[in-house]
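Have the sequence and the model open as you read.

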Amino acid sequence: IIQYYALSIILLKVNYKTLLVVSSIVSSINIVVVSLLLYEYKYAIPIVFYAGPFTLWIVFFCLGIFIRKCARSYSLVLGLVITLIGLILSVVETYLWAKLCGSYAYGIKLSSFIFSVGTILLLFSPKIECFFKNNPFTKVIVKVGDISFCLYLVHMMIITTMNTYLNLKLECWLINWSIALCLSISFVALMKWLVPCKYHRYVGLN
């Protein structure tokens with residue numbers, strides 16, 4: 001995230017439509033390279049080297065700039081269509097990697113990025129935002145969304161702890177997901193309580 005703070009000085013001056021197109025191309029190339037190294041050639045690369053550089057995730061930062069500058073004037077249908085296409089492609093790509101190289105591709109793959117971009121556009125559309133804000137049931141989701149970046153930062157540590165140290169390798173994905181989410185939320189809540197408020201932004205708690 002610090003990389004994007006530094007780059008924002010330049011990125012905010014570029015036309016937001018051009019920025020989104022260029023960042024999509026950069027991220028796509030990076031994803032293809034990472035996918036080949038991890039799944040095809042099976043290199044054991046530390047996560048900081050393949051998931052750390054700004055080039056991999058830049059499309060999401062630039063998408064935020066796009067949404068901000070276009071005042072969310074895009075059609076709700078756009079986000080819905082991209083989300084559905086990404087979901088379908090994600091299933092296809094996962095089994096394609098399994099067939100080609102004998103291993104499933106999770107998380108960092110081109111189709112999952114397409115799905116994520118569509119979901120962001122969908123959830124940030126004014127109509128969906130209005131629904132979420134006015135629906136009591138979805139207020140819980142909104143609260144979780146407020147700490148989503150924190151959850152992203154810690155969730156792999158929680159999952160690794162569950163599988164390695166607590167030996168919680170349950171068969172049901174829903175139970176695994178629920179436990180990981182609850183533990184991640186609890187960890188973030190604990191950190192928010194322990195770390196002084198003025199330092200929250202520097203450690204990803206805001």
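Helices here are DSSP runs of H or I that span at least four residues, and they are numbered from the N terminus. The model you are looking at is predicted. In it, helix α4 covers residues 54-69, and Cys-62 is found there.

Let's stay with Cys-62 for a moment. Which residues does Cys-62 touch, leaving aside those up to four places away in sequence? They are Leu-11, Leu-19, Leu-20 and Ser-23. Val-48, on the other hand, is 14 residues from Cys-62 in sequence and 21 Å away in space, C-alpha to C-alpha.

Is Cys-62 buried or exposed? Buried means under 20% relative accessible area, and Cys-62 counts as buried because its relative accessibility is 1%. The table sets out this value with those of two other residues.

| Residue | Relative accessibility | Class |
|---|---|---|
| Cys-62 | 1% | buried |
| Cys-70 | 7% | buried |
| Ser-112 | 13% | buried |

Now for the sulfurs. A disulfide is a covalent bond between the sulfur atoms of two cysteines. How many disulfides does the model have? The count comes to zero. Cys-70 is in no disulfide, and the nearest cysteine sulfur, that of Cys-62, is 13 Å away.

The side chain of Ser-112 reaches the backbone oxygen of Lys-109 at 2.7 Å.

Key:
Residues are numbered from 1 along each chain as its sequence is written. This is a predicted model: local features need pLDDT of at least 70, side-chain atom pairs count only at pLDDT 80 or more; totals for chains, interfaces and linings use all residues. Side-chain values use heavy atoms; hydrogens and water are left out. Helices (H or I, at least four residues) and strands (E, at least two) are DSSP runs, numbered from the N terminus. Buried means under 20% relative accessible area, exposed over 50%, partly exposed in between (1.4 Å probe, protein chains only). Contact means heavy atoms within 4.5 Å. A polar contact is a pair of N or O atoms within 3.5 Å; within protein, one must be able to donate a hydrogen and the other to accept it, and residues adjacent in sequence count only if both atoms are side-chain atoms. A disulfide is a pair of cysteine sulfur atoms within 2.5 Å.
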